[in-house]
Amino acid sequence: MLFQQPLTRAHSVTVRAPGKVNLQLSIGPLRDDGYHHLATVFQAVSLFDDLTVTRSDRLRVRTSGENAAEVPDGQDNLAGRAAALLAARIGVEPLVDISIRKRIPVGGGMAGGSADAAGALVACAALWQADLGDAELLALAARLGSDVSFSLLGGMAIGERRGEALTPLPVRSTQHWVFALADTLLSTPRVFAELDRMRDDTVPEPVRSEALLRALDGGDPVAIGRALTNEAQPAALALAPGMGATLAAGQTAGALGSIVSGTGATCAFLARDEAHARQLAAALEASGTCRAARHAYGPVPGPAVIAVE
Ligand code: C5P
């Protein structure tokens with residue numbers, strides 16, 4: 001089960017929802033509906049947003065933490081839309097205050113908005129004691145955004161079609177990462193549009209990276225580091241060229257793999273182990289090429305209820 005129902009009628013539910021990194025991001029041609037076919041490997045990582053839903057007289061969303069001012073509130077917020085969609089599905093009014101404490105970088109290519117939407121689905125389902133199965137929650141998630149299904153599932157998975165068609169992958173090892181946070185925020189549609197502009201008309205359909213899947217099966221961080229790929233990277237770098245220096249600094253400091261996370265503007269560096277990740281984070285902060293560097297690990301499970309009152 002993706003969520004657990006509380007035993008009593010709760011007043012508020014708090015959920016912790018992870019961000020993600022794409023270990024492969026292969027992007028096909030622009031489709032008629034404005035989306036792109038993807039072949040991607042998602043991994044949920046230990047940078048979390050905490051989200052509390054509390055019974056209220058109307059739907060409100062408040063966000064705190066770094067760059068919270070950049071996050072839309074009310075019905076424009078993906079978590080608010082998730083609460084409204086679930087409420088409509090089960091026939092209740094979406095009367096909740098949603099309070100989000102952000103640690104997943106905003107505009108950072110780590111699915112922070114999708115994590116909040118997935119977290120809101122799990123929290124509201126628990127609060128309203130919604131009797132929905134995992135398949136139905138995943139279907140609601142897919143309607144909210146391409147990454148929301150994975151944000152709900154957590155762990156590690158191959159994503160195809162828009163990213164919402166998921167094949168869970170077995171977890172054979174833990175990866176340690178450093179995420180270098182940028183001063184710049186990047187919007188996902190802008191990066192996809194820039195990629196379309198940069199590419200010619202002969203874009204092949206995306207294919208799964210067998211090299212990456214083999215490396216993940218073996219669990220060797222050096223092989224995993226070598227197999228990291230991101231086809232959105234040239235477009236993200238064109239829009240936020242400062243990330244070039246960040247990637248170079250991580251490579252110089254000995255990262256096993258250095259990529260833009262999703263559509264950016266966070267850079268992701270793979271480390272050998274936790275101690276190596278802490279060294280890399282210190283070197284990246286000292287390099288002056290990023291706003292901050294955070295250690296995190298993955299895969300971690302999807303949104304989990306951490307408090308019920
Ligand atoms: O699905 P979501 O609303 O999160 O997607 C945001 C934007 O990202 C889309 O409007 C589209 O521009 C781009 N996108 C895409 N192909 C995908 C996923 C997202 O072009 N597979």
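**Reading a helix crossing**

Modeller: The crossing of α1 and α2 is right-handed. A crossing is right-handed if the near helix is turned clockwise from the far one by less than a right angle, and left-handed if anticlockwise. Helices (H or I, at least four residues) and strands (E, at least two) are DSSP runs, numbered from the N terminus. This is a predicted model: local features need pLDDT of at least 70, side-chain atom pairs count only at pLDDT 80 or more, and totals for chains, interfaces and linings use all residues. Residues are numbered from 1 along each chain as its sequence is written.

Biologist: Within what distance do the axes of α1 and α2 come, and at what angle do they cross?

Modeller: Axes are lines fitted to C-alpha atoms, for helices over the stretch in contact, and angles run from 0 to 180 degrees between N-to-C directions. Those of α1 (residues 78-90) and α2 (residues 112-127) come within 7 Å and cross at roughly 35°. By class, their contact has ten nonpolar, three polar and two charged residues. Ala, Val, Leu, Ile, Met, Phe, Trp, Tyr, Cys and Pro count as nonpolar, Asp, Glu, Lys and Arg as charged, and the others, Gly among them, as polar.

Biologist: Which residues are around the ligand?

Modeller: A residue is near a molecule if its C-beta atom, placed from the backbone, lies within 6 Å of it. Here the residues include Tyr35, His36, Asp147, Arg162 and Phe192. The elements giving two or more residues to this shell are β2 (36-55) and α5 (188-198). With three residues, α5 gives the most. The shell divides into four nonpolar, six polar and two charged residues.
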